[in-house]
Amino acid sequence: MKKLKVSPQKTILIFSCLLFGFFLLIPMVTILCKSFYGDDGVTSEYYSRLFSGGSIFTPLLNSVLISALSGLITTALAFIPAYAINYTNISRKLKKVIASLVMLPMLLPTITYGFAIIYSFGKQGLMTNLLGTQLIDIYGTAGLIIGFVIYTLPISFMLINNTMGYVDKKFMIVSRMMGDSKIKSFLTTVITPLISTLAVSFIQSFTLSFTDYGIPAALAGNVDLLATRLYNEMLGSLLDFNTGSAVSIIMLLPSVLSIILISSLNKYNIRYNKISVIELTKNKVRDIGMGIASGVIIACVFSVFAVIFIVPFVEQWPYKMNFSLEHITEILSDSSLMSVYKNSFLTAVVTAVIGTLVVYSLALVSARRNEHRRLGKIPDIVSLVTNTIPGMVLGVAYLLTFKGTFMHNTFAVIIICNIIHYFSSPYLMMKSSLEKLNASWETTAKLMGDSWIKTVIRIITPNAVSTLLEVFSYFFVNAMVTVSAVIFLAGTKTMIITAKIKELQHFANFNEIFVLSILILITNLLVKGLVRLFAAIRSKKGKTV
């Protein structure tokens with residue numbers, strides 16, 4: 001009797017179907033069923049309760065308006081440093097510094113943003129004391145917008161900066177030669193090619209703000225938001241899993257709509273046959289102006305986070321301002337807090353290692369030539385689906401699905417949740433990289449008698465190392481800073497830093513919060529630094545085919 005041979009590619013696809021079926025499809029079906037199923041069977045009672053009583057309209061409207069305003073402000077601000085990098089003659093080193101500093105907030109959890117804003121602009125805040133007056137009431141709309149703008153600025157900048165790098169700048173010269181005014185030339189040659197990207201930037205900023213819980217946890221005040229409503233339903237004093245599930249489904253809708261809009265906007269992208277390399281016209285006013293504007297934006301962001309590095313190092317903020325290491329030594333010698341840091345670090349490492357393997361395996365099947373190209377579309381579908389699910393909704397789904405099972409309150413469920421939650425971006429990154437490699441490698445290797453596995457190990461992987469390192473870094477950093485999903489999954493034995501920060505908030509232990517935040521930042525910087533160093537060493541050695 002002949003044994004059926006299953007190819008490695010098919011094995012990967014079977015594994016991916018089981019993985020995402022069990023840890024994505026089942027949890028999402030569970031949360032959907034929970035929102036429609038009560039003690040008396042199938043019912044629409046929970047949705048009716050939310051809409052007929054009008055209790056959902058206020059948090060929904062607040063979330064939409066605040067997220068939309070934050071998205072507009074973020075997109076406008078992100079355009080400035082992106083323009084400075086791509087359309088001015090400021091030094092290359094300064095451009096690198098601007099790009100790096102704009103991205104730094106991504107290395108901190110959003111829940112820290114809120115506390116940093118409180119200690120910067122609150123009644124006893126750093127900026128309030130320096131200016132002699134409180135500029136804004138940080139609890140409510142103003143504080144939320146500041147937090148959301150800081151949170152989404154790096155993502156928005158990344159989108160706009162990337163697109164600007166592919167805009168053909170020779171049309172600026174053509175426009176001016178045709179007699180167009182500076183304003184008309186700017187609108188025609190810079191803004192028009194970016195319209196789609198600017199719209200995507202707004203949508204992404206809106207969606208991230210709409211679904212974030214970390215910032216509202218500290219700054220919402222009396223403003224009722226959908227994220228805080230969901231948290232209160234699932235983990236508040238009066239637990240209501242059915243209504244919470246209904247709120248989760250409602251929160252899911254803007255994310256689904258955003259993906260549809262982004263997909264439809266892609267057809268408006270302007271593509272050039274060739275990108276011309278031209279020397280930008282000399283304009284000191286433009287260069288100095290954009291350089292200063294970028295510096296002001298970065299300075300404003302850093303003025304918020306500066307307090308994190310001040311409060312733990314003084315005896316008693318803001319009354320005894322003399323330098324002291326007492327809080328630092330006390331916190332670093334606290335075994336329970338260091339245990340939480342260790343939990344976070346190990347969780348992030350395991351998430352990054354397994355996440356990178358999963359992403360790489362599926363990207364190989366979908367991007368490289370093999371006999372299962374049609375089945376290789378499965379990871380693309382999974383990527384699209386995971387990109388539509390907010391962290392809070394996924395966390396709630398996991399809570400409902402695994403509560404009472406052997407996986408409840410385990411590191412395994414947190415790690416899997418992180419991998420599923422952050423699957424989309426690294427997968428697309430990996431797939432794009434693999435598609436650019438020589439398409440004939442597998443065919444040539446097969447003719448020489450090499451198996452697919454050997455080809456992957458000996459040829460493809462060495463040429464994909466730089467992207468693999470980026471994927472590892474992406475998973476690690478996001479696993480260290482994630483809040484929205486894991487807030488529902490971490491228990492006493494599986495406590496990680498971001499969940500611990502939420503717990504410390506109730507006791508107003510801000511020294512501990514800021515020191516833990518500094519540890520997250522330093523760890524993320526070290527990991528990203530090591531990844532870049534390793535990539536640079538490999539690049540110098542020239543280990544490519």
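**Burial, contacts and salt bridges in the predicted model**

Lys493 is placed in the loop between α21 and α22, where helices (H or I, at least four residues) and strands (E, at least two) are DSSP runs numbered from the N terminus. The model is a predicted one, in which local features need pLDDT of at least 70, side-chain atom pairs count only at pLDDT 80 or more, and totals for chains, interfaces and linings use all residues. Residues are numbered from 1 along each chain as its sequence is written, and side-chain values use heavy atoms, with hydrogens and water left out.

Lys493 has a relative accessible area of 76% and is therefore exposed; the term exposed denotes over 50% relative accessible area, buried under 20%, and partly exposed the range in between (1.4 Å probe, protein chains only). Contacts of Lys493 (heavy atoms within 4.5 Å) are made with Asn343 and Phe411, not counting residues up to four places away in sequence. Although Phe411 and Lys493 are 82 residues apart along the chain, their C-alpha atoms are separated by 8.9 Å.

The protein chain contains 23 helices and 4 strands, and 52% of its 545 residues count as buried. Among contacts between residues at least 6 apart in sequence, 80% join residues at least 24 apart. The chain exposes about 26,500 Å², of which carbon and sulfur atoms supply 65%; accessible areas come from the Shrake-Rupley method with a 1.4 Å probe, and for residues only the protein chains shown count as cover.

When residues up to four places away in sequence are not counted, Tyr360 touches Met430, Leu434, Val456, Ile460, Thr461, Ala464 and Leu468.

In helix α12 (residues 241-265) is found Thr243, which is buried because its relative accessible area is 2%. The side chain of Thr243 makes a polar contact with that of Arg49 (3.2 Å). A polar contact is a pair of N or O atoms within 3.5 Å; within protein, one must be able to donate a hydrogen and the other to accept it, and residues adjacent in sequence count only if both atoms are side-chain atoms.

A salt bridge is defined as a side-chain nitrogen of Lys or Arg within 4 Å of a carboxyl oxygen of Asp or Glu, and the count by this rule comes to 5. In one of them, Asp380 pairs with Lys431, the closest N and O atoms being 2.9 Å apart. Asp380 lies in helix α16 (residues 378-388) and Lys431 in helix α19 (residues 424-435), so the pair ties together parts that are 51 residues apart in sequence. Lys431 is buried, with a relative accessible area of 13%.

Another salt bridge joins Glu503 and Lys500, with the closest N and O atoms 2.9 Å apart. These two residues are 3 apart in helix α22 and are therefore separated by about one helical turn. An α-helix has 3.6 residues a turn, so residues three or four places apart point the same way. Glu503 is partly exposed at 30% relative accessibility, whereas Lys500 is buried at 14%. Helix α22 (residues 497-505) is mostly covered, with 8 of its 9 residues buried.
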